[in-house]
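Work through the exercises below with the sequence and the model open side by side. Each task is followed by a solution in steps.

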Amino acid sequence: MIFNQVISNRTREERQELARRIASYSLIVLLASLLLGGIVLNFFGVSLSALRIGGGLVVAVRAWGLLMQPEVHEERKATSAEPAQSADDVAFFPLTMPLTTGPGTIAVAIALSSQRPGGDGGVISFFAGVSLAAACIAVTIWLCYRWSDTVTALLGPAGARVLSRLVAFLLLCIGVQIMITGVVGVGQLLLSSR
């Protein structure tokens with residue numbers, strides 16, 4: 001819904017091109033997070049629990065804003081993607097990051113990559129599977145964004161607002177669950193060190 005409102009001033013061809021670019025950029029962000037995320041965590045000494053707490057907090061705060069004041073959030077997004085900007089300017093920021101694949105997505109991808117199995121055969125099949133899943137997510141993003149104007153028109157303004165708030169509430173619950181998982185991990189670490 002937000003994507004459709006941000007790019008409502010563009011032609012149908014521009015919207016479809018943006019949908020394709022955002023899906024491509026999202027795939028790159030997901031694959032980079034999956035393949036390099038564990039290395040980055042180890043380099044900076046960040047635990048998986050800390051990543052989950054931080055990522056869950058970011059997701060929950062963003063969802064809270066969408067849930068409580070979606071109109072303000074939509075206006076802010078719309079002003080950040082002015083018509084004078086080219087598709088290159090807005091395709092990655094703000095439409096891919098943070099709107100589509102923000103900190104929550106990256107945190108989940110890094111957490112998933114840190115759970116990879118040991119051994120060469122297991123690692124190869126794991127990364128083949130998660131890469132295929134990332135490609136499926138990118139295709140889903142492309143389809144959803146490509147048809148966002150049609151879905152919004154079918155729902156109407158009131159239906160779109162109701163659906164946006166329901167999705168925001170679900171996103172808030174997901175953010176809280178990610179934080180709970182991180183807190184449980186920290187608690188288990190503290191209890192095991194005694």
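**Exercise 1. A proline and its peptide bond**

In which helix is the place of Pro-94? State also what kind of peptide bond joins Phe-93 and Pro-94.

Solution. The model is a predicted one.
- Step 1: Pro-94 sits in helix H5.
- Step 2: The bond joining Phe-93 and Pro-94 is cis, with omega at about 15°.

**Exercise 2. The overall make-up**

Find how many helices and strands there are in the protein, and what percentage of its residues is buried.

Solution. 
- Step 1: The protein has 8 helices and 0 strands.
- Step 2: Read from the N terminus, the order of elements is α-α-α-α-α-α-α-α.
- Step 3: Of the 194 residues, 36% are buried.

**Exercise 3. The course of H8**

Compare the end-to-end distance of H8 with that of a straight helix, then locate the bend in H8.

Solution. 
- Step 1: At 1.5 Å a residue, a straight helix with the 45 residues of H8 would reach 66 Å.
- Step 2: In the model the end C-alpha atoms of H8 are only 49 Å apart, which falls short of that value.
- Step 3: H8 bends by about 110° at Gly-156.

**Exercise 4. Aromatic pairs**

Count the aromatic pairs. Then classify the pair of Phe-3 and Tyr-145 and the pair of Phe-126 and Phe-127.

Solution. 
- Step 1: There are 4 aromatic pairs in the structure. A pair of rings is described by the distance between the centres and the angle between the planes.
- Step 2: For Phe-3 and Tyr-145 the centres are 4.0 Å apart and the planes 5° apart, and the pair is stacked.
- Step 3: Phe-3 belongs to helix H1 and Tyr-145 to helix H7, so this pair ties together parts that are 142 residues apart in sequence.
- Step 4: Both Phe-3 and Tyr-145 are buried. The relative accessibility of Phe-3 is 3%.
- Step 5: Phe-126 and Phe-127 give 5.2 Å centre to centre and 75° between the planes, an edge-to-face pair.
- Step 6: Buried means under 20% relative accessible area. With 17%, Phe-126 is buried, and Phe-127, at 15%, counts as buried too.

**Exercise 5. The largest pocket**

What is the volume of the largest pocket, and which element gives the most to its lining?

Solution. 
- Step 1: The volume of the largest pocket is about 1400 Å³.
- Step 2: Its lining has 43 residues, and those nearest the centre are Leu-99, Thr-100, Tyr-145, Val-167 and Leu-171.
- Step 3: Elements giving two or more residues to this lining include helix H1 (2-6), helix H5 (87-100) and helix H7 (120-146).
- Step 4: H8 gives the most, with 11 residues.
- Step 5: Sorted by class, the pocket lining holds 31 nonpolar, 10 polar and 2 charged residues.

**Exercise 6. The largest cavity**

How many cavities of 30 Å³ or more are there, and what lines the largest cavity?

Solution. 
- Step 1: The count is 1 cavity of 30 Å³ or more.
- Step 2: The largest cavity holds about 40 Å³ of space.
- Step 3: Its lining consists of Phe-3, Asn-4, Ile-7, Arg-12, Arg-15, Gln-16, Tyr-145, Arg-146, Ser-148 and Asp-149.
- Step 4: H1, H2, H7 and H8 each give two or more residues to this lining, and H2 has the largest share with 3 residues.
- Step 5: By class, the cavity lining has 3 nonpolar, 3 polar and 4 charged residues.

**Exercise 7. Contacts across the sequence**

Solution. 
- Step 1: Thr-150 lies in helix H8 and is partly exposed, at 33% relative accessible area.

Key: Residues are numbered from 1 along each chain as its sequence is written. This is a predicted model: local features need pLDDT of at least 70, side-chain atom pairs count only at pLDDT 80 or more; totals for chains, interfaces and linings use all residues. Side-chain values use heavy atoms; hydrogens and water are left out. On a 1 Å grid over the protein atoms alone, a cavity is a set of points where a 1.4 Å probe fits but cannot get out, and a pocket is an open set with protein on both sides within 12 Å along at least five of seven lines; lining residues have an atom within 4 Å of a point. Grid points are joined across faces, edges and corners, and a volume is the space filled by probe spheres set on the points. Helices (H or I, at least four residues) and strands (E, at least two) are DSSP runs, numbered from the N terminus. Ala, Val, Leu, Ile, Met, Phe, Trp, Tyr, Cys and Pro count as nonpolar, Asp, Glu, Lys and Arg as charged, and the others, Gly among them, as polar. The expected span of a helix is 1.5 Å times one less than its number of residues. The bend at a residue is the angle between axes fitted to the seven residues ending there and the seven starting there. Rings of Phe, Tyr and Trp (its six-membered ring) pair if their centres lie within 6.5 Å; planes under 30 degrees apart count as stacked, over 60 as edge-to-face and the rest as tilted. Buried means under 20% relative accessible area, exposed over 50%, partly exposed in between (1.4 Å probe, protein chains only).
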